[in-house]
Amino acid sequence: MFRSVLPKSNNLFFDHFNQASENACVMANLLVEAITIGDEQKSQFTQINRLRAKSQEITRQVVNDSGQTFISPFERSDMFELVKALDAVASLINISSRRINLYQPATITPPIRELADLIVKTCYELAVCVKALGNITNKQPISDSINNIKTLEHRADKIYNTAVATLLTSETDAIELIKYNEILLALETTTDKCELATNVIESIVVKNS
């Protein structure tokens, strides 16, 4: 009986985790599309907002299923921390999207594009890392993705700091400076959230070694 319950329970939760990370990947790609196309009516912003709601629903499902399932792949507190960390990534992508849509920057500057591209890459690596948790005894793929995410996040930090320094010396309109900084900050913070998710994953790996 226990042999049949364990794989079923594990698959249920890993499906949730994978859906959450893949959902963030879709949101990240939609964000890049939104800042790339020239169409004024951009459906991508609406789609991102809907997918944010989907991420919240996945989080609720993990909580609900954990209360109804006898066996879990690892400690329930760690499962909650992981799905919350993945939801935080989706939340920041949505915040970035909303700021771009609300502030309507006159120009999508190179740093904005670069940070959006880095979000796509970090979300992809995070999805790979989450999927690798399904075989937690094989630590190398998990470690590789974590290192890649940390490298990407460090690059995002540098782009953000350089972009803000440039704004402070070149932008004479205080309102525009605030708008661009708020957009850049949301984008950079998204990569921070990806790195924070890897901290949760690292903790899970250590506890289950």
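Angles under 35 degrees count as roughly parallel, over 145 as roughly antiparallel, 65 to 115 as roughly perpendicular and the rest as oblique. Keep that handy for this tour.

What you have open is a predicted model, where local features need pLDDT of at least 70, side-chain atom pairs count only at pLDDT 80 or more, and totals for chains, interfaces and linings use all residues. Residues are numbered from 1 along each chain as its sequence is written, and side-chain values use heavy atoms, with hydrogens and water left out.

**Stop 1: helices 3 and 6**

Select residues 76-103 for helix 3 and residues 174-207 for helix 6. (Helices are DSSP runs of H or I with at least four residues, strands are runs of E with at least two, and both are numbered from the N terminus.) Two packed helices are described by the angle between their axes and the distance between the axes. Here the angle is about 170° and the axes are 9 Å apart. An axis is a line fitted to C-alpha atoms, for helices over the stretch in contact, and angles run from 0 to 180 degrees between N-to-C directions. Helix 3 and helix 6 are therefore roughly antiparallel. Their contact has 17 nonpolar, three polar and seven charged residues. (Ala, Val, Leu, Ile, Met, Phe, Trp, Tyr, Cys and Pro count as nonpolar, Asp, Glu, Lys and Arg as charged, and the others, Gly among them, as polar; contact means heavy atoms within 4.5 Å.)

**Stop 2: Gln104**

Now click on Gln104, in the loop between helix 3 and helix 4. Its phi is near 45°, a positive value in a residue other than glycine. Is Gln104 buried or exposed? With a relative accessible area of 53%, Gln104 is exposed. (Buried means under 20% relative accessible area, exposed over 50%, partly exposed in between, with a 1.4 Å probe and protein chains only.)

**Stop 3: helices 4 and 5**

Next, highlight residues 110-132, helix 4, and residues 139-170, helix 5. Their axes come within 9 Å and cross at roughly 165°, which means helix 4 is roughly antiparallel to helix 5. The crossing is left-handed, meaning that the near helix is turned anticlockwise from the far one by less than a right angle (clockwise would be right-handed). Among the residues that meet are Leu118 and Leu126 in helix 4 and Ile149 and Leu152 in helix 5. This contact divides into 15 nonpolar, three polar and four charged residues.

While you're in helix 5, find Thr151. Thr151 is partly exposed, at 46% relative accessibility. Its C-alpha atom is 9.3 Å from that of Thr122, 29 residues away along the chain.

**Stop 4: helices 4 and 6**

Keep helix 4 and bring back helix 6: the two pack at an angle of about 15°, with their axes 10 Å apart. So helix 4 is roughly parallel to helix 6. The crossing here is left-handed. Among the contact residues are Cys123 and Cys129 of helix 4 and Cys194 of helix 6. By class, the contact holds 15 nonpolar, four polar and one charged.

**Stop 5: the cysteines**

How many disulfides does the whole structure have? A search finds zero, a disulfide being a pair of cysteine sulfur atoms within 2.5 Å. Cys129 is buried at 0% relative accessible area, and Cys194 is buried at 0%.
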